[in-house]
Amino acid sequence: MKKPIIATASLAGCFGCHMSFLDIDERILDLVELVHWGKSPINDIKTFEQDCDIALIEGGCCNDEHIHTLRDFRKHCRILVAVGECAIMGGLPAMRNNIPIQECLEEAYLNSPSTAQANPEQILPNDAELPALLDKVYPCHEIVKMDYFLPGCPPRADLIYGALTALVTGQEAKLPYEVIKFD
Amino acid sequence: MSETIETSSETITLTIDGQEIQAKTGQTILQAACENGIYIPTLCALHADKENGLKSDIAPGTCRICTVRVNGRTMAACTTPVAQDYIVENDTEELNDLRKTIVELLFVEGNHFCPSCEKSGSCDLQALAYRYQMLSPRFRYAFSSREVNAESPKLLFDRNRCILCRRCVLAITTEDGKQLFGFTKRGDKSGIIMDEELVKNISEEQAQQAMHICPVGAIIRKEKGFDTPFGQRKYDHNPIGSETVCTTCNGEKS
């Protein structure tokens with residue numbers, strides 16, 4: 001049987017979930033036996049050379065680039081897994097969801113103690129190259145269909161490994177109470 | 001709707017999930033179950049014990065997590081009095097899915113950012129989500145706009161996390177019976193307000209009690225957040241409701 005191909009992405013996340021993934025430690029050698037690696041920040045492959053079987057998505061969507069990336073993943077991957085609180089519910093970035101976007105930008109670039117003096121021309125970032133911020137931060141499943149959810153901040157390494165090996169081998173995941181936590 | 005409950009001494013029998021149990025008339029189904037070591041989940045009803053300092057059980061009947069089937073009808077176990085020969089269904093797939101749905105609705109209605117909450121690990125709402133294996137709510141997040149009141153020197157009141165269970169309104173009072181918390185507005189604008197004058201002067205013990213009674217992280221003791229390390233918090237190792245015998249009731253029963 002052909003080895004399944006795995007991809008990963010970090011959208012509006014802190015890379016904590018990727019770090020937790022690397023916390024599977026030496027089990028990564030077992031994983032290498034089971035899967036091929038596709039596009040991922042871990043191996044720095046930046047394009048989909050071929051379609052993937054499983055993609056782990058860290059972070060929610062806070063700008064248009066995240067939406068573009070997530071839709072691209074949906075197009076090229078058979079199974080999408082939302083990894084971590086940000087992918088599942090917006091997480092820490094979503095704490096801005098009740099503050100108007102203009103107010104957020106002014107606080108960050110005009111009014112905060114570190115920028116008030118440093119930005120005399122009162123410029124808000126406006127380069128066309130920069131991704132446009134969305135009105136609020138969206139959980140991944142409100143943008144595209146997500147197939148599985150692994151909660152945690154970050155999800156425990158045992159949860160990521162357990163779920164991934166279950167998906168790859170087709171066996172039911174055996175996940176003890178301690179590994180599914182929201183913090 | 002009963003809020004505080006008094007019991008008499010006449011004994012009757014009923015069955016919960018096929019198990020015949022004894023109860024006293026005037027007790028609620030929840031109290032009878034608790035005395036017999038049967039777990040019915042709650043978020044608003046609270047059994048008086050040493051830790052929470054309550055003088056009697058409270059049953060606001062607001063959260064509906066304790067919904068059971070009584071002779072085929074769905075009822076709140078915390079407000080329904082027992083009666084002879086009642087047949088109660090509790091731990092069934094259908095009811096547990098219904099309870100999970102309520103938990104999911106509560107998660108999307110408020111702003112429950114577990115990773116940044118002082119109550120995480122000891123939160124009853126989160127623990128029920130763990131118990132019913134909620135990986136992601138099936139509903140859309142509302143991201144409602146809620147205010148935080150940090151005026152009081154000892155307590156922080158975060159409405160983002162409030163589930164309007166009414167525990168604090170009923171249970172947290174001054175020694176002469178004045179309520180520290182109250183309801184305001186109606187419908188989807190409902191909220192809890194603090195009596196800032198009274199809350200300003202509460203003792204350390206009362207502040208501790210207020211935080212303990214709140215089933216979520218809405219009432220937080222200032223300067224005491226995150227003082228319990230991961231691995232030692234209430235629900236880190238065992239699901240809520242896994243203590244099969246309620247120690248307080250067990251003592252009273254003998």
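Author: Chain B splits into domain 1 (11–91) and domain 2 (96–221), with bounds that come from an automatic or database domain assignment. This is a predicted model, in which local features need pLDDT of at least 70 and side-chain atom pairs count only at pLDDT 80 or more, while totals for chains, interfaces and linings use all residues. Residues are numbered from 1 along each chain as its sequence is written, and chains are lettered from A and ligands numbered from 1 in the order in which they are written.

Reader: How many residues of domain 1 of chain B are in contact with domain 2 of chain B?

Author: There are 16 residues of domain 1 of chain B in contact with 18 residues of domain 2 of chain B, where contact means that C-beta atoms, placed from the backbone, lie within 7 Å. The C-alpha centres of domain 1 and domain 2 of chain B are 23 Å apart.

Reader: And what does the contact take from chain A and chain B?

Author: It takes 23 residues from chain A and 16 residues from chain B.

Reader: Switching to the sheet, in what order do the five strands of chain B come?

Author: The order is β2-β1-β5-β3-β4 in chain B, forming an open sheet with mixed pairing; strands are DSSP runs (E, at least two residues), numbered from the N terminus, and two of them pair if DSSP finds at least two bridges between them.

Reader: Which strands are at the edge?

Author: They are β2 (19–24) and β4 (73–76) of chain B, each of which pairs on one side only. Strand β1 (residues 11–16) of chain B pairs with β2(B) in the antiparallel sense, over six bridges.

Technical notes
Contact = placed C-beta atoms within 7 Å. Helix = DSSP H or I, 4+ residues; strand = E, 2+ residues; numbered from the N terminus.
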